[in-house]
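Keep the viewer open as you read.

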Amino acid sequence: YVRFHLISPLIQQSAENIVLFDTFVNILTHNLGEPAYEADVAQLEYKLVAGEHGLVIRVKGFNHKLPLLFQLIIDYLSDFSFTPAVFEMITEQLKKTYFNILIKPETLAKDVRLLILEHGRWSMIDKYQTLMNGLSIESLSSFVKAFKSQLFVEGLVQGNFTS
């Protein structure tokens, strides 16, 4: 089991940054779909999660091939690229996801509760409005570049690994 948390102070600076981060993580997950398929067949699991303060990379499975999958994820992260068609597809999916959260009373109530309790949190309404106002491909590219330049890493490795 390998878990790394790539923490960046950039994410919580604005609602736009949070939406750009969600878009980035979703495009990265989309880009990994085909190359990581063989790992899935080999019973290796991975998950990319857009956490509140950064990207969480979770990888688990048989230890002798796990570093290869982790390296694949890191390679796609470092050489991040996307097409305008993928950008449009992911932003449309995010619009639906955010809207679905807003129309469910229990998830909206949870968001409002966390907004009251947590300092510096952006509401789902702010994120949805930012996305509806439109994002540009250039803003995503500049955000990703800035995100990769301001990272702090925490990691946990469990299992049959040497130091």
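Start with Leu-140, which counts as buried because its relative accessibility is 0%; buried means under 20% relative accessible area, exposed over 50%, and partly exposed in between, using a 1.4 Å probe and protein chains only. You will find Leu-140 in helix α7. Helices here are DSSP runs of H or I with at least four residues, strands are runs of E with at least two, and both are numbered from the N terminus.

A word on what you are looking at: this is a predicted model, in which local features need pLDDT of at least 70 and side-chain atom pairs count only at pLDDT 80 or more, while totals for chains, interfaces and linings use all residues. Residues are numbered from 1 along each chain as its sequence is written, and side-chain values use heavy atoms, with hydrogens and water left out.

Who surrounds Leu-140? Leaving out residues up to four places away in sequence, Leu-140 touches Leu-20, Thr-23, Phe-24, Ile-27, Phe-82 and Phe-87, where contact means heavy atoms within 4.5 Å. Its C-alpha also lies 9.5 Å from that of Val-19, although 121 residues separate Leu-140 and Val-19 in sequence. Across the protein, 75% of the contacts with a separation of 6 or more are between residues 24 or more positions apart.

Phe-24 deserves a stop of its own. Apart from residues up to four places away in sequence, Phe-24 touches Leu-77, Phe-80, Leu-140, Val-144 and Phe-147. In the largest nonpolar core, which has 41 residues, Phe-24 and Leu-55 touch the most other members. Such a core is a set of buried Ala, Val, Leu, Ile, Met, Phe, Trp, Tyr and Cys residues joined through side-chain atoms within 4.5 Å. At least two residues of this core come from each of β1 (2-7), α1 (15-32), β3 (54-60), α3 (66-78), α4 (84-103), α6 (124-133) and α7 (137-149). Helix α1 gives the largest share, nine residues. In soluble globular proteins, nonpolar side chains tend to be buried together.

Now move to helix α4, where Thr-91 is found. Thr-91 counts as buried, since its relative accessibility is 6%. Its contacts, aside from neighbours within four places in sequence, are Thr-23, Leu-131 and Leu-135. Phe-99 also has its place in helix α4, but this residue is partly exposed because its relative accessible area is 40%. Between Phe-99 and Val-86 there are 20 Å from C-alpha to C-alpha, at 13 residues apart in sequence.

For a loop residue, look at Gln-43, between α2 (37-41) and β2 (45-50). Gln-43 counts as exposed because its relative accessibility is 56%. Its phi is near 65 degrees, a positive value in a residue other than glycine. Most residues other than glycine have a negative phi.

Finally, zoom out. The protein has seven helices and four strands, running β-α-α-β-β-α-α-α-α-α-β from the N terminus. Its C-alpha atoms fill a box of roughly 45 × 35 × 30 Å along the principal axes. Of its 163 residues, 35% count as buried.
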